[in-house]
Amino acid sequence: YQRRVHGEAKNRVCILDKLSPLPPQMATAAPIVAPKAADGRTLVETKLTLDVACPWCFVGARRLKAALKTLDSKQYDVQVSVHPFLLNADAPTPGLNRDELIKKKYELTDAELKEMHEKMAAKGLAQADIKFNPASGNMGNTINSLRLVEWTTKTYGADKALAVLDAVESEVFEHSKDPSLSETLVAAVKRVSGVDEKAAAAFLATDELRADILKRAAEARARGVKTVPNILVNGHFATDGSQTDFAAFFKQIGLADK
């Protein structure tokens with residue numbers, strides 16, 4: 001149930017060519033009964049572990065949000081939390097050219113990189129209305145991005161945090177901005193109504209929550225998280241990450257009629 005790999009013989013880059021099937025144990029097990037919230041609604045506790053350096057996390061987060069919106073709030077108590085993951089904790093600030101980093105890491109030719117970008121752009125637009133920018137920006141350390149999302153959660157709540165997360169990823173992947181830079185993050189905050197950009201800038205000028213993000217990202221790896229996005233709903237793992245068939249998945253875990 002892993003992502004397909006571009007250039008399978010060389011074991012190179014994940015491009016998520018197709019949906020994987022649901023695990024057979026979920027397909028054949030007895031029906032799962034979803035938990036109940038205190039008010040009697042069905043609880044939908046969703047944990048999204050990601051790094052803003054990952055374009056598939058952008059796709060996955062948007063697709064997950066859209067899927068959760070299909071659940072009637074009168075019947076379902078949807079709770080979403082974002083958890084940090086650092087694909088490269090040692091990435092510099094400011095960052096380096098993203099395309100050059102990808103080519104070096106995965107030993108890609110220019111043609112292979114172009115093919116990867118084309119497939120990513122097609123999937124992003126079709127599945128999540130994301131317009132991946134073909135221009136290569138810089139990719140730097142993402143800890144400040146993850147700090148900002150956590151600060152927003154603590155200050156304004158989960159809904160605003162998800163909106164800030166989406167805006168940050170849009171700045172990075174649709175506008176080719178460097179996620180390590182404060183100006184990128186403040187520009188993202190400006191796009192979210194109700195979040196104080198001056199307060200966000202003041203927060204980013206500190207080291208607040210840095211140790212917490214590093215600790216939680218390390219804990220995610222210790223729990224066995226190796227790829228992102230990592231999505232858990234009521235403790236059930238969405239095996240395909242950004243490519244999960246959420247309608248089928250929700251049925252499997254007791255969140256919709258069969």
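This is a predicted model: local features need pLDDT of at least 70, side-chain atom pairs count only at pLDDT 80 or more; totals for chains, interfaces and linings use all residues.
Residues are numbered from 1 along each chain as its sequence is written, and side-chain values use heavy atoms, with hydrogens and water left out.

**Overall picture**

The chain folds into 10 helices and eight strands, where helices (H or I, at least four residues) and strands (E, at least two) are DSSP runs numbered from the N terminus. Of its 258 residues, 48% are buried. Here buried means under 20% relative accessible area, exposed means over 50%, and partly exposed is in between, with a 1.4 Å probe and protein chains only. Take the contacts (heavy atoms within 4.5 Å) between residues at least 6 apart in sequence: 75% of them join residues at least 24 apart.

**The sheet**

Four strands make an open sheet with mixed pairing, in the order β4-β3-β7-β8. The edges belong to β4 and β8 (236-237), each with a single partner strand, so one side of each has no neighbour in the sheet. Two strands count as paired if DSSP finds at least two bridges between them. The pairings look like this:

| Strand pair | Sense | Bridges |
|---|---|---|
| β3 (42-50) and β4 | parallel | nine |
| β3 and β7 (230-233) | antiparallel | four |
| β7 and β8 | antiparallel | two |

For some landmarks, K47 has S81 of β4 as its bridge partner, T49 sits opposite N230 in β7, and V233 is bridged to H236 in β8. β7 and β8 form a hairpin with two residues between them, and N234 in that turn has a positive phi of about 50°.

**The core**

The largest nonpolar core has 65 residues, and L50, L148, V168, F250 and L255 touch the most other members. Such a core is a set of buried Ala, Val, Leu, Ile, Met, Phe, Trp, Tyr and Cys residues joined through side-chain atoms within 4.5 Å. Leaving out residues up to four places away in sequence, L255 touches A34, T42, L43, V44, L71, Y76, V233, N234 and F250.

On a 1 Å grid over the protein atoms alone, a cavity is a set of points where a 1.4 Å probe fits but cannot get out; a pocket is an open set with protein on both sides within 12 Å along at least five of seven lines, and lining residues have an atom within 4 Å of a point. Grid points are joined across faces, edges and corners, and a volume is the space filled by probe spheres set on the points.

The second largest pocket holds about 330 Å³. It is lined by 14 residues, with L68, K69, V78, V80 and D159 the closest to its centre. At least two lining residues come from each of α2 (55-69), β4 (76-84) and α6 (158-173), and β4 gives the most, with five. By type, the lining has seven nonpolar, two polar and five charged residues; Ala, Val, Leu, Ile, Met, Phe, Trp, Tyr, Cys and Pro count as nonpolar, Asp, Glu, Lys and Arg as charged, and the others, Gly among them, as polar.

The whole structure has four cavities of 30 Å³ or more. The second largest cavity has a volume of about 40 Å³, and V82, H83, P84, L146, V149, E150, I213 and R216 line that cavity. β4, α5 (143-156) and α9 (210-222) each give two or more of those residues.

**T152 and K160**

T152 is found in helix α5 and is buried at 0% relative accessible area. Beyond its sequence neighbours up to four places away, T152 touches G157, K160, A161, V164 and V195. K160, in α6, is partly exposed at 28%. K160 and V192 are 32 residues apart in sequence, with their C-alpha atoms 7.5 Å apart.

Most residues other than glycine have a negative phi, and most peptide bonds are trans. The T93 to P94 bond is cis, with omega near -5°, and P94 lies in the loop between β4 and β5 (96-97). V228 and P229 are also joined by a cis bond, with omega about 5°.

D129 has a positive phi near 55° and is partly exposed at 47%. L209 has a phi near 75° and is buried, at 16%.
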